[in-house]
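Dear colleague,

I am passing on to you the structure shown below, together with some notes on what turned up in it. Please read the notes with the sequence and the 3D view side by side.

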Amino acid sequence: EIHERLVGSEMCIRDRYNSPVILTFFLLSLGVLFLGQYTGGWTTTHLFSVYRSSLKDPLFYIRLFGHVLGHAGWEHFLNNMLLLLVVGPPMEEKYGSIPLLKGIVLTTLVTGVLQCVLFPRTGLLGASGIVFMLIMLSSLAGFSGGIPVTMLLVAALYFGQQVYDIILVHDNVANFMHIVGGVCGTVFGYVNAGPRRKRKH
């Protein structure tokens, strides 16, 4: 009876924590936001924003991967997390936790490196790149060959909006990194769909 209760408790926890990568990402981001407020923004600037600095600085490598967890404030955090929690879990269920985690880490690395190379005088923080990776990934849902119309529509609307903002709005939003995140999501979807198609034949 005790064993059955333990098994039942584990299953209950597993069912409620249904998307471990996405939920852990959310909790870490929330913790980083609280930490930033507690330290007056010191941790957000020095640990969770990426910008060009010396490669000999060990904190640079923390920033390179930690910048997606940092947010400028509650509005920034909520805008990203609401989309993350809506789009992320279905993608984790479809592709699996480990593959999705690899996609998130790769997108984080690519956006961090490009930020340092292309925009050395500015910093980058926030999960927008990851969110837009997931949005493009979701547009490939049900992909089994060819180019889905949903992906074309999402790409046209999404990339068009980002380009418009870059040229005309100038609102201090990292639109280029949104585009990079979207490209990473598209590539991730096609790469992971390839093996699935092969297994069906």
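The second largest pocket is lined by Val 21, Thr 24, Phe 25, Leu 28, Phe 65, Val 68, Leu 69, Leu 101, Ile 104, Val 105 and Thr 108, a pocket being an open set of points on a 1 Å grid over the protein atoms alone, where a 1.4 Å probe fits, with protein on both sides within 12 Å along at least five of seven lines, and lining residues having an atom within 4 Å of a point. This is a predicted model, in which local features need pLDDT of at least 70 and side-chain atom pairs count only at pLDDT 80 or more, while totals for chains, interfaces and linings use all residues. Residues are numbered from 1 along each chain as its sequence is written, and side-chain values use heavy atoms, with hydrogens and water left out.

At least two lining residues come from each of helix 2 (20-38) and helix 6 (97-118), where helices are DSSP runs (H or I, at least four residues) numbered from the N terminus.

Elsewhere, a search of the whole structure finds one salt bridge, that is, a side-chain nitrogen of Lys or Arg within 4 Å of a carboxyl oxygen of Asp or Glu. The side chains of Asp 57 and Arg 63 form that contact, at 3.2 Å from N to O. Asp 57 counts as partly exposed at 24% relative accessibility, whereas Arg 63 counts as buried at 3% (buried means under 20% relative accessible area, exposed over 50%, and partly exposed in between, with a 1.4 Å probe and protein chains only).
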